[in-house]
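Subject: Handing over the model

Hello,

Here is the structure you are taking over. Please open it first, then read the notes below.

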There are 2 protein chains.
Amino acid sequence: MSHIVIAGAGLAGSLAAVYLAGRGHEVRVVERRPDPRTSTPDGRSINLGLSQRGITALREVGLLDELWGRTTPMRGRMVHTDAGTSFHPYGTADDEILHSILRDDLNAALIGRAEADGVRFDFEHKVVALDRSLPVLTVHDGQFTHELKADLVLGADGAFSTVRTLLHRGTRAELHQEFMDWGYKEITVPANPDTRLEALHLWPGRAGLVVAHPNHDGTLTATVFLPFDGDDSFAELTTPSAVRRLFATQFADLASLVPDLVEQFLAHPTGNLVTIRTAPWQHEGRVVLLGDAAHAVYPFYGQGMNAAFEDCSVLDTCLAEHDDIPGALREFERRRRRHTDVLAALSKENFLELRDGMRSPLFLARKKADLLLHKAFPNTWRPLYTMIAHTTTPYADALARARRQDRALAAAAVTVAGTVVAALARSRRQVPGR
Amino acid sequence: MSHIVIAGAGLAGSLAAVYLAGRGHEVRVVERRPDPRTSTPDGRSINLGLSQRGITALREVGLLDELWGRTTPMRGRMVHTDAGTSFHPYGTADDEILHSILRDDLNAALIGRAEADGVRFDFEHKVVALDRSLPVLTVHDGQFTHELKADLVLGADGAFSTVRTLLHRGTRAELHQEFMDWGYKEITVPANPDTRLEALHLWPGRAGLVVAHPNHDGTLTATVFLPFDGDDSFAELTTPSAVRRLFATQFADLASLVPDLVEQFLAHPTGNLVTIRTAPWQHEGRVVLLGDAAHAVYPFYGQGMNAAFEDCSVLDTCLAEHDDIPGALREFERRRRRHTDVLAALSKENFLELRDGMRSPLFLARKKADLLLHKAFPNTWRPLYTMIAHTTTPYADALARARRQDRALAAAAVTVAGTVVAALARSRRQVPGR
């Protein structure tokens, strides 16, 4: 049994605590924020889409059944444009769907379960120092400083991880940090018969993009993505008339569904979108990063939480396979990092798909063809989205397979075209009288 | 007249001070280190290669004539291999050469000139805080804290710039930081007839790479580049016998030139190689970064100092063209950043050229063909290296032109091949009796 200190009681940190307590370790979690079960929301995105990777991890720790009742299925994308609405299913099989869940519900369930398993949580404790070799994590509770000696320190403290900064200080660490020049704002859409369909709702606008998750009570939580600067940007949308004009011209049916749209828009905070890639994730088998601390991605593939949960599952597998924690951590980084690097790239690209693709007949036709091929050859043809969202095929392997499929399809198209040309040429030669 | 505070009295900071004092501003420079004119070297790379961009900037501020006497020309690359040595000139024109200079000589000349122009230097003053809106730079001299109010704060405090960190704190700043898994160590080669040629000396080894600059006194300053880990790495080379074996098997003629090679190798520190790309470079026209603080590159194109000097020249041009400092800073970043981003990529690629290319007959033939084309068509054909080192064509424009040339050459090759094939076909048809 080892003593493990986890920084961060968010989704990654609390699920990791459950896994590690399940292996018989003594686990203590420190968290900068107050207990999410008793405090008011802090403005972070409140709706998440559980897909296969997240589901698999929750099943592994036996939490899935308890959570099913709090999820709302999303069977495909409902695209709202001036021309009306259209529905595009995610997959061909019954289980190829996503499940909307409130972040706080999920986080409360994870913390509750970890506590039941003997994990100690210290909220409002801020990381102030790390001795990465011992390791010792120093935290401050607003009044006193505590030095927590451990066998392993786990940094699950998010995209702007203090553990990561301290882990990398003075070393040859790699860090890639990029922000989108777009931000987001959340808007609650009241329950309405028009949006009751079990779907992820999308409004691809000319200047912006709105994505909405259904909630249990029939409401939607909509996220409005807009540029920070320029025309129709957050910088311009600071008056009721400017906000009203934007929605009237670009998201007219959404405006009609939300009576207090302008008030919500002007009152709610604007969030940033960041991509973080970094290396190394661990130091001499004593300290390791996971979740957003190791790889923050844009939300456009809906994989942030799912990838963090999969991290916990992969780390658990590595611990099962290795007798020593250092060996397990090295293997974890070796096995996992290349896949989350690929996810970062895919999540960036998918923004353009969501924004422009959903208005493009060509793109939608390609999506449809992908699903038809998948239905016809379920074992041979798997669209990239299907592999990312509905399987646990590692991200880089999914991308490699999608590229192989595309090449094979192109080769098949060339063969078919060649056969047609040859047949035409034959038939022409056989035309009598020439 | 504006009050300008510059953080960093290195090459970029002290040259910027000269330019800004020349525009009539009141300039004060704060520097964490002691005065380089009176202190012992701190282990940073001591030899630099001045090329056209650096020369142009030094000419603009009238410092070139004073410095010529302290430089040593390098007319090409002298490549040392087991098979002997070969010389490869940098260019075809007399002025297509580089000039080796000691960092401390150059820095002392720049600081001396800035002081003569009325710039105040405060050494051993460390940046501890920045109010980026006023702006106010707070520095600590080991005993007291000083708040320096300015119209403009200039961050020229190197690759690990404190000003950059403070400028970006809490903003959507982009940062890409990568270290090479190779490091370097400097070795002094005593004066010797065999190395007296006016050249950059190169030893492309199997496991490592040695680059040496000539000095005024006939000595060479050699930089040994090796991997940090693995076989023949810095991690392994910790005993006299291991060091002796590496040089005997990979750089035998170098070992014969340096009697105390082993002692130097074990005593000298190992340096890191970092690439930094970042954005934004400036904040509301109040704070701006330049030199390594804005863009650190690997040393393999010899452009680090030259790019920093060119920054100062471009910034000066922007200040001349704009009535207001904020407008000038925006224009500086807009005009300059895309070019230094390209330089970062080129500097990475050139490592492979230096390490592998110098041993490859194909690569050397291509280099030779490049120079022949350049000599035959001096206005039409310019090798990429020539444009980077021997002109002031902005980096991205140089790369674009090199790509256009390559495409034109490929097209010409296809045309020539086509003409030859057609001629062969014609001549075959004319063969009598067939």
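**Aromatic rings in chain A**

A:Trp182 has 8% relative accessibility, so it counts as buried (buried means under 20% relative accessible area, exposed over 50%, partly exposed in between, with a 1.4 Å probe and protein chains only). This is a predicted model, where local features need pLDDT of at least 70 and side-chain atom pairs count only at pLDDT 80 or more, while totals for chains, interfaces and linings use all residues. Residues are numbered from 1 along each chain as its sequence is written, chains are lettered from A and ligands numbered from 1 in the order in which they are written, and side-chain values use heavy atoms, without hydrogens and water.

Over all chains there are 28 aromatic pairs (rings of Phe, Tyr and Trp, the last by its six-membered ring, with centres within 6.5 Å; planes under 30 degrees apart are stacked, over 60 edge-to-face, the rest tilted). One of them is the edge-to-face pair of A:Trp182 and A:Phe351, at 4.8 Å centre to centre and 75° between the planes. A:Trp182 is in strand β14 (residues 182-189) and A:Phe351 in helix α10 (residues 325-356) of chain A, so the pair ties together parts 169 residues apart in sequence (helices, H or I, at least four residues, and strands, E, at least two, are DSSP runs numbered from the N terminus). A:Phe351 is buried too, at 7%.

A:Tyr298 and A:Phe300 also pair edge-to-face, with centres 6.4 Å apart and planes at 75°. A:Tyr298 is buried at 5%. A:Phe300 is buried at 5%. Ring pairs join A:Trp182, A:Tyr184, A:Phe225, A:Tyr298, A:Phe300 and A:Phe351 into a cluster.

**Charges over rings in chain B**

The charged end of B:Arg53 sits over the ring of B:Tyr395, 4.1 Å from its centre (NZ of Lys or CZ of Arg within 6 Å of the ring centre and within 35 degrees of the ring normal). That of B:Lys185 sits over the ring of B:Phe265, 5.0 Å from its centre.

**The second largest pocket**

Where does the second largest pocket lie? Domain 1 (3-45 + 103-177 + 278-350) and domain 2 (361-430) of chain B both give residues to its lining, so the pocket lies between them; the domain bounds come from an automatic or database assignment. α11(B) gives the most to the lining, with 9 residues.

Regards
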